[in-house]
Amino acid sequence: MSQLTADMKHGHGHTDKAHLLRPANISLQHGAGRGLGVGLLVIGAALSLIVLGAGAAGAGGLSLKHAIGAYMVGTIGVLAICLGNLFLVLAFHLTNAGWVATIRRQAENIASYLPLAFLMVLPALIAEIATHGKLFLWLNPAYYGDELLLAKQAYFYAPLHITDPETHNPLTTPVFPVFFVLRTVLYGVIWTFLSRTMAKLSRQQDESGDIALSARARFTASWGMVLFALSTAFAGFDYLMSLDFKFFSTMWGVYFFAGAIFSGTATLILTLARLRGSGKLQGVVTKEHFHDMGKLLFAFTVFWAYISFSQYFLIWYSNIPEETAFYLYRSDVNSPWRGLGIFLMIGHFIAPFLIILVRGVKQRPALLGAMAAWAILVHMLDIYWVVRPMVDAGDGARPGLENGFWADVLGIVGPLIALLGYLIYRVPASCLIVKRDPYLNEALEHRNYV
Amino acid sequence: MAASNRIYVTEANEPIYGILAEFATPASVCHAAEAVRDAGYHKWDTFTPFPIHGMEEAMGVKRTKLPMLVAAGGFTGVGLAYLMQWWMSAVDYQMVTQGKPYHSWQAFVPITFELGILFSAFTAIIGMLALNGLPRWNHPLFKKERFLSSSDDRFFVCIEAGDTKFDPDRTRALLEKAGATSIELVEE
């Protein structure tokens, strides 16, 4: 169709392709923002670690249990954002998507933070294992006698046991969670490998323009997607669902995934809106691209609602105590978390649904960027809603926000600042688009015809 | 015909439906569409064997109202479904199910969702047909042997005689100028 479009001289199209692809439009000054980026990365990581440190020292009205919880909210939230972008990159390759040639580089950049985002989660896990379970009560020998934990022990401890092999009595000394740690290492390897490979292949194509690199990326994405799906779902089970070891939901992996893609798409939109706002990518990432990314954001706010309601619905209907406890604790009329749950229903679904439904919102980078920022906020609150109540649960502590609220805020803001710093450092390091992607023409001419 | 007080007839006294012009290439039919659009015609259409990107703009077609109709249909479905279930379960025939309250919004969600989808889908398909003036039994253009190639390798523009700007001579001249390879009158 390109010949026809050129023939018709319809204003856009590749008549002025060279002009669109001039270096000033599709690249930032190499090494720009390096100092600022690294600085913010360090500050963000330091702010997060201060929370953990204060918890360990018992400073600022903070318990270690609370500190680990606050630290996990932000770090796992950012991990989900990066996983979301890894998914987008893999999905773009798998579906041979043409329109994404001008936006995929930024998804790769965000996904490239995965190894660091994963490293940021580790201190919480190390603290948990070292202190034998503050939040992860299944690590605590006091719970080794629990019938439900005994039934699930292999998932955490295999090949070790938390019962005496002779007498079958629960052990009183902490057992090292071998299988859990092995899985964590495996997630790190998978995510590092996939994010690195995807970024590397696309950068190589910037240099050589070799079409075979696209085919290789697509092949890697084919089996990489399977690994991504399994690792993301099980990371959701391991790091969030296991906060209450009696609770179980086979839908939890999809629930974590849905939030990840929602917030990941939002971060991608924000990054591109910011680049457009600074005068870059003019005519390269157009309102048509924002329109389609807006559709993705819309789709995943619906998907999140669909999954999280379905999860709740089945548990509500079947009324099994070990399942309903999760919701009862968060939605009981006396629960301090009830308001947050209702806010999430409105803020994470109903409001974004009605607003992003409007075509004009999806097509305007400023409006869509505002919705994306909102999406990141409610995504963090969603994870906060999962993690934070567990800080007060179980040991008779008075539930509520009063004590150490500063840590909750810092735990969310710190990892986000670190991500921002990384992007400021990373984005100028390569061309802002995949400039020699075989589908580049298609992306430049991309339009929504309806 | 109703839009205009002038009624055009052929020499055989047949009322005229419009003027059909044939074009050889997608580009030429697109340019012709732009010319017809710029001349201010409203009751006209183009016929091509495949969708031509940019044709909506060339024809000056306005965006469809269908999304608004679908939204209205969908939200009506959602509202009606919830109201129906509330009335049946909590008002008209109260029955304790699984120890849940009569008015359990959780239980109402699936049907509310499904009816929202159903009403949206019905509004979309029925609205689409209605806005397109479908179904209809026949079309005057089908009488033209030449028009058959519109599903093969030829491109057509047809301007209806019912258009207020229609004038047999000037409309024909416009299409000739736009590069039509053949022009003929179509009887009603």
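A residue is called buried here if 20 or more other C-beta atoms lie within 10 Å of its own, exposed if 12 or fewer do, and partly exposed in between, with the C-beta atoms placed from the backbone. The structure is a predicted model, in which local features need pLDDT of at least 70 and side-chain atom pairs count only at pLDDT 80 or more, while totals for chains, interfaces and linings use all residues. Residues are numbered from 1 along each chain as its sequence is written, and chains are lettered from A and ligands numbered from 1 in the order in which they are written.

**First stop: a helix of chain B**

Select residues 66-92 of chain B, which form helix α3; helices (H or I, at least four residues) and strands (E, at least two) are DSSP runs, numbered from the N terminus. This helix has 27 residues and reaches 36 Å from its first C-alpha to its last, close to the 39 Å expected at 1.5 Å a residue, where the expected span is 1.5 Å times one less than the number of residues. Now colour B:G73, B:G74, B:G77, B:A81 and B:Q85, the buried residues of α3(B). They pack against α4 (105-131) of chain B, contact meaning that the C-beta atoms of two residues, placed from the backbone, lie within 7 Å.

**Second stop: the sheet of chain B**

Next, show the open sheet of 4 strands in chain B, whose order is β2-β3-β1-β4 with antiparallel pairing; two strands pair if DSSP finds at least two bridges between them. The edge strands are β2 (44-47) and β4 (182-187), each pairing on one side only.

Zoom in on β1(B), residues 16-23: 8 of its 8 residues are buried, so this strand is largely enclosed by the rest of the structure. It is joined to β4(B) by 6 bridges, and B:I19 stands opposite B:L185 there. Strand β1(B) also pairs with β3(B) over 6 bridges, with B:C158 as the bridge partner of B:L20. On β3(B), the residue B:C158 is the bridge partner of B:D45 as well.

Finally, select residues 34-57 (α4) and 114-130 (α7) of chain A, whose axes come within 11 Å and cross at roughly 10 degrees. Axes are lines fitted to C-alpha atoms, for helices over the stretch in contact, and angles run from 0 to 180 degrees between N-to-C directions. Which residues meet here? A:A45, A:S48, A:L49 and A:L52 in α4(A) meet A:M120, A:P123 and A:A127 in α7(A).
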